[in-house]
Amino acid sequence: MIQIKNSQQIALMREAGRITGEALLVAREHIREGVSTKQLDTLIRQHIEGRGAKPSFLGLYGFPGSACISINDEVIHGIPSDKRILREGDIVKIDVGACYKGFHGDSARTFAVGRVSEEAARLIAATKESFYRGMAAVKAGNRIGDIGYAIDSYVREQGFSAVRKYVGHGVGREVHESPDVPNYGTPGRGPRLCEGMVIAIEPMINQGSFEVRQLSDGWTVKTIDGKLSAHYENTVAVTSDGVINLTEVEIGE
C-alpha cells in the first residue's frame with residue numbers, strides 16, 4: 001500500500017533529507033586517494049548521529065555499515081571496509097539514509113577520485129542528468145512509468161543502460177515503501193502519482209550491459225561485464241506546489 005504523507009510529515013522528511021544530503025557533502029570533502037571506505041562510513045555515521053538522527057542503513061536487513069559504498073564496477077550495496085582503499089581514477093558511489101523523528105531520507109551520489117577517464121566522467125554526468133529527466137516527469141496525475149521512461153530513453157541515447165533488477169521506491173516511516181520506481185518503463189503505465197507521495201528516484205546506470213550479479217558476501221552488486229556503473233538518487237515529494245527535492249542541499253549537487 002502506498003503511504004500518503006501530510007504536510008507535517010513532509011516537513012519532517014525535509015529535515016531527514018537535509019541531514020542525508022549533508023552527510024554526502026561530508027563524504028565528498030574526504031574523498032581522495034588512500035582513504036578507506038570504512039573511514040568514509042565512519043564520517044557519515046558521525047555526522048548523522050551528530051545531527052540527532054540515526055543512519056537508516058545500519059542494521060537494515062542485517063547490513064553492517066551506515067552507508068553503501070561501491071567502487072567502479074560495483075553498482076550498489078558495497079560494504080564499507082578498512083581494506084577497500086580509494087585509488088586515483090576510481091569512481092565511488094555512496095548511498096546514504098538518515099532517520100529523523102521517525103522519517104527517512106535516502107540519497108546517493110557518484111564521486112570521482114582525482115582525475116578519471118573521459119568515459120567515466122561522461123557516465124557520471126549522464127547518470128545525474130537522467131535523475132533530473134526522471135524528476136521532471138513527477139507531477140500529480142502522471143504515472144510511475146513516465147519516470148522510468150524518461151530515465152531509460154535518455155541513457156539509451158547516451159549509449160548506456162539502466163539497471164533493471166534494482167529500482168527506486170517509496171520512502172517514509174520505512175526506508176523502502178511502495179511503490180517500486182523502476183528506471184525504465186512505459187509512459188502512462190504504473191501507479192498514478194498524487195499529492196503526498198514521497199519516492200526515491202535512483203538511476204543506476206551501467207557503461208555496458210544492464211545485467212548485474214551479486215557477490216558471495218550477500219550484498220555487493222557488480223555489473224555482469226565488469227564495466228563501470230554510476231548511481232544518483234534523491235528523495236522527492238509530490239506536493240500542491242509541485243515536486244520538492246528533499247535531499248538536495250546544495251544547488252547543482
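How many residues does α3 have, and how far does α3 reach from its first C-alpha to its last?

## Ground rules

This is a predicted model, where local features need pLDDT of at least 70, side-chain atom pairs count only at pLDDT 80 or more, and totals for chains, interfaces and linings use all residues. Residues are numbered from 1 along each chain as its sequence is written, and side-chain values use heavy atoms, leaving out hydrogens and water.

## Helix α3

Back to the question: α3 has 19 residues and reaches 27 Å, close to the 27 Å expected at 1.5 Å a residue (1.5 Å times one less than the number of residues). Helices here are DSSP runs of H or I, at least four residues, and strands are runs of E, at least two, numbered from the N terminus.

Among the buried residues of α3 are L123, I124, F131 and M135 (buried means under 20% relative accessible area, with a 1.4 Å probe and protein chains only).

## The three-stranded sheet

Strands β6, β10 and β13 make an open, antiparallel sheet in that order (two strands pair if DSSP finds at least two bridges between them). The edges go to β6 (161-162) and β13 (229-231), each with a single partner strand, so one side of each has no neighbour in the sheet. Between β6 and β10 (residues 204-206) there are 2 bridges, and S161 has N206 as its bridge partner.

## Around β9

Strand β9 (residues 198-201) is covered on both faces: V198 and A200 are buried on one side, I199 and I201 on the other. It runs antiparallel to β7 (residues 168-170), joined by 2 bridges, with H169 partnering A200. Another 4 bridges tie β9 to antiparallel β14 (residues 234-239), where V198 stands opposite A237.

Methods. Buried < 20%, exposed > 50% of the residue type's maximum accessible area, 1.4 Å probe, protein only.
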